[in-house]
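Hello,

Here is the structure for you to look over. My notes follow below it.

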Amino acid sequence: MSVSAATDPMLPRRYRVRKTWKELADVSTMELEALEGQSMAFQPGQFNMLYAFGVGEVAISISGDPAEEGKLVHTIRDVGAVSGALASVSDGDMIGVRGPFGSAWPVAEQTGRHIVFVAGGLGLAPLRPAIYHVLNNRDQYAGLTVVYGSRSPHDLLYAEEVRGWKSRFDTEIEVTVDHAEPGWTGQVGVVTVPLDRALAGNNGAEVSAFVCGPEIMMRFSVMSLKAAGVSEDKIWISMERNMKCAIGFCGHCQFGGDFICRDGPVFRHDHVAKLINRKEV
Amino acid sequence: MEIHSVGEILAAHPVFRDFDEDTLDLLAGCARNEHFHADQTIYSEGDEASKVFLIREGDVAVEISAPNHNPLVVETLRAGDVLGWSWMVPPYQHMSGARALNDVRAISLDAVCMRDKNEDNPELGYQMFKHFVPHMATRFRALRLQLLDVYGTRRG
Amino acid sequence: MPDAKGASFLLDSPGPLVDALRRQGWRVIGPKLGQGAIVYEEIESAADLPRGLTDEQEGGHYRLREGDPDRWFDYVVGPQNWKKWLFPARQKLWSAERSKDGFSVESHEDEWPKTAIFGARACEIAAIEVQDRVFDNGDFADSGYTKRRAGMLIVAVQCARSAATCFCASMNTGPRAEAGFDVALTELETGGFLVECGSDAGAAVLDGLELADASAAQQQAGEAVSHKAAAEQTRTMPANVESVLRDNLDHPRWEEVAERCLSCANCTLACPTCFCSDVEEVNDLSGDHAERWRVWDSCFSLDFSYIHGGAVRRSTLSRYRQWMTHKLSSWHDQFGTSGCVGCGRCIAWCPVGIDITEEAGAIAAEPLAQEV
């Protein structure tokens, strides 16, 4: 039971913001490089604790390509003091990083299957590393469907990149928004609508699904997946709870017997099914 | 000859594929082919719901307009979808508008013709409701999710 | 005298033991009278111990009373527990200093002189062992806790009586500590102490003392003290509480208890196993110096479950349910043990006298029918 300061899991490592850009009005992406030690290896779905000097620390999922070494990418929405400070960093700034923490999308274990990603809002960011993995290894999978819903055309994340995915002939990419004004030529409707359509043409038994977004959106999506015959042990979701330490000490992220930070954030749906429909757990 | 082909189209549609041939022939009597060009209004809010459309090709925007606002698109429909359910429920008026987003081909079923046939033949009426209600339930579920505005970005 | 682990001796008073510890360089923390209660502070000699006091405890009630002036340890547990030393309420984690190209990070470790906790009860030793699992969870270890725990000696006192709020016997954590101590004292009815040696470190401390070997009869007298204390306990925890709570999240009893619960967090502060914490950013006025501090937090606060948009557990019902189901049920999933050691602090220090055994008992007595 001895821990040296160098391995203290609460101590951040310093990273340099190599490049940052605005994705949406309140969302930015940053590319980071480690200033000390080795670059970070991570699995799709894992998260880091990002520290803004003088402001604080917040849990943010990793949104870059796990196959690209030496580049750590985070996409951050400004929803409070810490995320606001992080979303407004400039090129060359320094931030602190602890991680990576948590469970991963087991996408590499689902070879041979039809992979369906269902993303809602900013939920595309934690899914993107897994989507990269399937795109990079497309021949190992029977199919790739990405269904992405957001509030309005102005809220579509990585819009240009998603168009690029769509232009490939080996993908099925459905983008929808909850509301739109005339001029938007894409789909309008909640994410379950294109999801239902996409599933209608597929055998649910061959589908492995990865769902990330607001909890209600995930519950509705899981209903659609199950109705289409997708087995509950082939559905994974990513949960969000308050996190202060990311290492199972602070107690904030408990969900029943699980710590979201250590046992999650990615859970196989049958593991959390009992509690996820209950109020205030 | 054309009526027969409408019957075939009906038979292939998810809402009607479980109906027997006689029933489809009966309904085909209420049906006709429709074509709308891009940006054409299919119907407007408040119009009499005189038809229901089965979309065969193209995309349709369902819109609600407000005096001080551009019309808000609340839903887009595409091939295979049913457009309009007001034909089943009094006062048989459309509660939203519909506009073709691109070249749209559809089968329309005349509402009065359909309602008369259903009144005359309660078994047909029951079948019709049985197949339309799940479609409406799916739309209600989507509507609820939409109302929740789950991607809200309230600042903390 | 060659003291050995497992051996038993006799001692007239705790005085020589406190002195021996201090002589060997141990800081001694033990029970003291403070603010009308028993508190755990540094003691310089046995004279600091609250000799002659006893306590009276019930739901929402704690009073110290004059007892037999010759008895040393006739009070049981008070509002404090040892976590205030091992897992301090405020603890600096690290600091950062603004620099030309960003900031530097400096780790921080508090001083921790080798420390003997004197007078730990069986339930409290069980609680320390529970927190040991929390702060070294296999993947991560808390460096501060680990350091403090490693530099620590435990002198147990075997309880000679139970308060009305005690239920350690039904949690299998007491009243007799069988292990987990370096030295254990039992205050015998006839006066004097039975001294048990529990470790090599304990043996090293006892080595400097003039101790008589305890006879078999005296050892039996020591055990009889614990039997008597156990027999005094009236509160019990249902044996199946772990599964009963897991299966009864919708039980109407939660609404009843939520009507009484003030959401004040007293139970979590008094509880020797509650470990939830927050991390605060503390800045100086210049803005060039930042510190990260870990502070106790409680699942009873609304902010505790805050995610952007609002708190997950908004009702008192959900927060009480979270605390109790975590303590008694999901703790098993997380750490392979109950989070309750039966010390009864949450009962005595609840301002409205909510009794965890009564609440668990009510749900266990009339569980909801389970879906098959």
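Predicted model: local features only at pLDDT ≥ 70, side-chain atom pairs only at ≥ 80, totals over all residues.

A hairpin of 2 residues links E6(C) to E7(C).

Next, a helix pair in chain A. Helix H4 covers residues 192–200 and helix H5 covers residues 215–227. Their axes come within 10 Å and cross at roughly 20°. That angle is under 35 degrees, so H4(A) and H5(A) count as roughly parallel to each other. The crossing of H4(A) past H5(A) is right-handed.

Which residues of H4(A) and H5(A) meet? From H4(A) come Thr192(A), Leu195(A), Asp196(A) and Leu199(A). From H5(A) come Phe220(A), Ser221(A) and Ser224(A). By type, the contact of H4(A) with H5(A) holds 3 nonpolar, 3 polar and 1 charged.

Last, the contact between chains A and B. Chain A gives 27 residues to it and chain B gives 20. On the chain B side, strand E5 (69–77) and helix H4 (122–148) are the elements that each supply two or more residues. E5(B) has the largest share of that side, with 7 residues. The chain B side divides into 11 nonpolar, 6 polar and 3 charged residues.

Best wishes

Terms used:
Residues numbered from 1 in each chain as written. Chains lettered and ligands numbered in written order. Axes fitted to C-alpha atoms, helices over the stretch in contact; angles between N-to-C directions. Helix = DSSP H or I, 4+ residues; strand = E, 2+ residues; numbered from the N terminus. Parallel < 35°, antiparallel > 145°, perpendicular 65-115°, else oblique. Left-handed = near helix turned anticlockwise from the far one by under 90°. Contact = placed C-beta atoms within 7 Å. Nonpolar A, V, L, I, M, F, W, Y, C, P; charged D, E, K, R; others polar. Pairing = 2+ DSSP bridges.
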